[in-house]
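User: Please take a close look at one part of this protein. I would like the local picture first and the wider setting after that.

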Amino acid sequence: MIIVGAGVLGTMHAWQAVSRGHEVVHIEREDAARGASVRNFGLVWVGGRAPGAELAAAQRSRVLWEEIAERVPALGFRPSGSLTVAATERELAVAEAAARSPEAAERGYELLGPDRVREVNPALRGDLLGALWCRRDAQVEPRTAQAALQAELARSGRYTLLTGREVRDLAGPAAVRDDRGEVHRGDTVVLCTGAWLGGLVRELVPDLPVRRVRLQMAQTAPLGEALTTSVADGDSFRYYPAYRGPELDALNAAQPQGPVPAGHAMQLLMVQRADGSLTIGDTHEYDAPFSFDTSEDPYDHLAGVVTRLLGRPMPPIRRRWAGVYAQCLDPAAVVDRAAVADGVHLVTGPGGRGMTCSPAIAETTAEELGWS
């Protein structure tokens, strides 16, 4: 198998191939993956996923992440769950509706009052009315997960990672040529090129039903105490499709977002890293050409939300970054998967679901292509 792209989606395809007994040549144009796969929260996020295919992929991936982590402890897998915090009565109504939904048990939902919130996550000492607890949510360490998986794959003796090579064109059925002129032939080529939608990808699929989305995030200094769950604010109810309904409509009508979060399509997600720091974000920019710099207003807004939830000043920001991911135009599609040439398949467009759903996406590719 020839896998192009060493982000989480390509690496999970390599994992599926090696696990099924195949040999893999894995080609990455950077010296290591540097795209959205390392610029995210590391969340395995089940709670907010849309009913149907998206939720099924998230649930299956949650199982696969845990299984893989038993072999690769360096993933930093933590079944920590999440709390989506309600600070107003309208937000609490959305949380209550979710906890009553037919899928509440499947998602691991439980509505918590303020005292119970602080029992589950003592770091949340700010003003809040309650929270929606999703026990099924988990997290991994995004900056190191791909490297940990690739190191384990290398121990199989059937995996070769070639970095610093850009695939430029096809060289016949199930074959590609890189920018050094070297041809790589296999039984199958899978292109997992992330947000890189130009070059060969555009030549193969000029009208790819995928768009690029830009986001801003940050990482703070260590918090100095444990954040025992991932945390989201009430704006996350507006962003994730699981919460749609009359209660969300009422929230949007009576309590619209302020100009900064609305202008940047924001929500708060907050995850503690292994070193105690906090990853916070994020914004969403949909219209290209994207800004080449980062805007400070979203960071100020996030700092205010975090401070209110923690009941103490947010630790200072130590790192800021922007990232771009590829997202299917069809909101019902988990990923765009297509045969684009003889023996060549393109898998792209998971959007903000890539870290969560990549194990199940890769498993489905393997099953559809008949990898025994």
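The request below concerns one serine and its surroundings.

User: Where does Ser-277 sit, and which residues does Ser-277 touch beyond its sequence neighbours?

Analyst: A caution first: this is a predicted model.

Start with the position. Ser-277 lies in the loop that runs between strand β15 (269-272) and strand β16 (278-281). Ser-277 has a relative accessibility of 1%, so it counts as buried. The cut-off for buried is under 20%.

Now the partners. The side chain of Ser-277 makes a polar contact with the side chain of Asp-275, at 2.6 Å. Leaving out residues up to four places away in sequence, Ser-277 touches two groups. One is the run Gln-219, Thr-220, Ala-221 and Pro-222. The other is the pair Val-271 and Gln-272.

Move on along the chain. Asp-282 is placed in the loop between β16 and α11 (296-310). That loop also holds Pro-289. Here there is another cis peptide bond, between Ala-288 and Pro-289, again with omega about 0°.

Ala-265 is in the loop between α10 (259-263) and β15. Its phi is positive, about 50°, although Ala-265 is not a glycine. With 24% relative accessibility, Ala-265 counts as partly exposed.

Ala-174 has a positive phi too, near 50°, and is likewise not a glycine. This alanine is in the loop between β9 (167-170) and β10 (175-178). Ala-174 is buried, because its relative accessible area is 4%.

Ser-61 sits in a helix, α2 (residues 53-71). Its relative accessible area is 0%, so Ser-61 is buried. The side chain of Ser-61 reaches the backbone oxygen of Thr-356 at 3.3 Å. Thr-356 is 295 residues away along the chain, yet the two C-alpha atoms are separated by 6.6 Å. Apart from neighbours within four places in sequence, Ser-61 is in contact with Thr-356, Cys-357, Ser-358, Pro-359 and Ala-360.

Finally, the wider setting. The protein has 12 helices and 19 strands. Contacts between residues 24 or more positions apart make up 75% of those with a separation of 6 or more. Of the 372 residues, 56% count as buried. The radius of gyration is 21 Å, which agrees with the value near 21 Å for a compact globule of 372 residues. Along the principal axes, the C-alpha trace spans about 60 × 40 × 40 Å. The accessible surface is about 15100 Å², and carbon and sulfur atoms account for 49% of it. There are 39 positive and 47 negative charges, and their mean positions are 3 Å apart.

Notes
Residues numbered from 1 in each chain as written. Predicted model: local features only at pLDDT ≥ 70, side-chain atom pairs only at ≥ 80, totals over all residues. Heavy atoms only, no water. Helix = DSSP H or I, 4+ residues; strand = E, 2+ residues; numbered from the N terminus. Rg over C-alpha atoms; globule rule 2.2 N^0.38 Å. Buried < 20%, exposed > 50% of the residue type's maximum accessible area, 1.4 Å probe, protein only. Contact = heavy atoms within 4.5 Å. Areas by Shrake-Rupley, 256 points an atom, 1.4 Å probe, with all protein chains shown as cover. Lys, Arg positive; Asp, Glu negative; His and termini not counted. Charge placed at Lys NZ, Arg CZ, Asp CG, Glu CD. Polar contact = N/O pair within 3.5 Å; in protein donor to acceptor, adjacent residues only side chain to side chain.
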